[in-house]
Amino acid sequence: MTDRDDELAHYAADQELNLYKEYRDVIGLFRYIVETDRRFYLANSVEVITHDETGDTYFELLLVDTWVWDVFRSSRFIQRARILSFRDVNIEELPSRDDPDMPADGPFLPPPPIE
């Protein structure tokens with residue numbers, strides 16, 4: 001590896017670390033974790049519509065008040081998002097901060113896998 005390659009690898013690692021820190025800071029603001037084959041989202045409202053018109057099933061997700069895990073976006077907060085996926089979609093409701101079993105610093109959630 002050249003010095004330039006090392007510099008780029010270091011920059012990418014720094015970007016991922018900063019994104020993880022932002023994720024850790026904002027997760028308490030959201031009610032749901034939404035994971036698709038392409039992205040990872042935090043959202044306060046999630047609606048799932050299953051489509052099966054042509055024999056191919058796909059999912060339409062409507063997210064409101066959303067944060068997206070994307071290192072390349074300058075603004076990760078989105079008012080509304082519409083996502084289409086032909087693959088699995090995972091939606092998890094986060095525990096409420098009012099839950100007496102919730103740690104003071106929020107839930108421990110590992111970051112999504114790095115692509």
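Modeller: Before we start, a nonpolar core here is a set of buried Ala, Val, Leu, Ile, Met, Phe, Trp, Tyr and Cys residues joined through side-chain atoms within 4.5 Å. And keep in mind that this is a predicted model.

Biologist: Got it. Which residues make up the largest nonpolar core?

Modeller: There are 12 residues in all: Leu19, Tyr23, Val26, Ile27, Phe30, Ile33, Phe40, Leu42, Trp67, Trp69, Val71 and Leu94. H1 gives the largest share, three residues.

Biologist: What about a second core, which residues does that include?

Modeller: Tyr32, Val34, Tyr41 and Val68 are among them; that core is separate and has 10 residues.

Biologist: Switching to the sheet: what's the strand order?

Modeller: S4-S3-S2-S1-S5, five strands in an open sheet with antiparallel pairing.

Biologist: Why is one side of S4 and of S5 left without a neighbour in the sheet?

Modeller: Strand S4 (77-85) and strand S5 (90-93) stand at the edges and each has a single partner strand, so one side of each has no neighbour in the sheet. As for twist, the average is 25 degrees from one strand to the next.

Biologist: How many bridges join S3 to S4?

Modeller: Eight, between antiparallel strands, with S3 covering residues 58-68. For instance, threonine 66 has isoleucine 78 in S4 as its bridge partner.

Biologist: And where does H1 touch the sheet?

Modeller: H1 packs on the sheet and touches S2, S3 and S4. The direction of H1 makes about 85 degrees with that of S3.

Definitions and conventions:
Residues numbered from 1 in each chain as written. Predicted model: local features only at pLDDT ≥ 70, side-chain atom pairs only at ≥ 80, totals over all residues. Heavy atoms only, no water. Buried < 20%, exposed > 50% of the residue type's maximum accessible area, 1.4 Å probe, protein only. Helix = DSSP H or I, 4+ residues; strand = E, 2+ residues; numbered from the N terminus. Pairing = 2+ DSSP bridges. Axes fitted to C-alpha atoms, helices over the stretch in contact; angles between N-to-C directions. Contact = heavy atoms within 4.5 Å.
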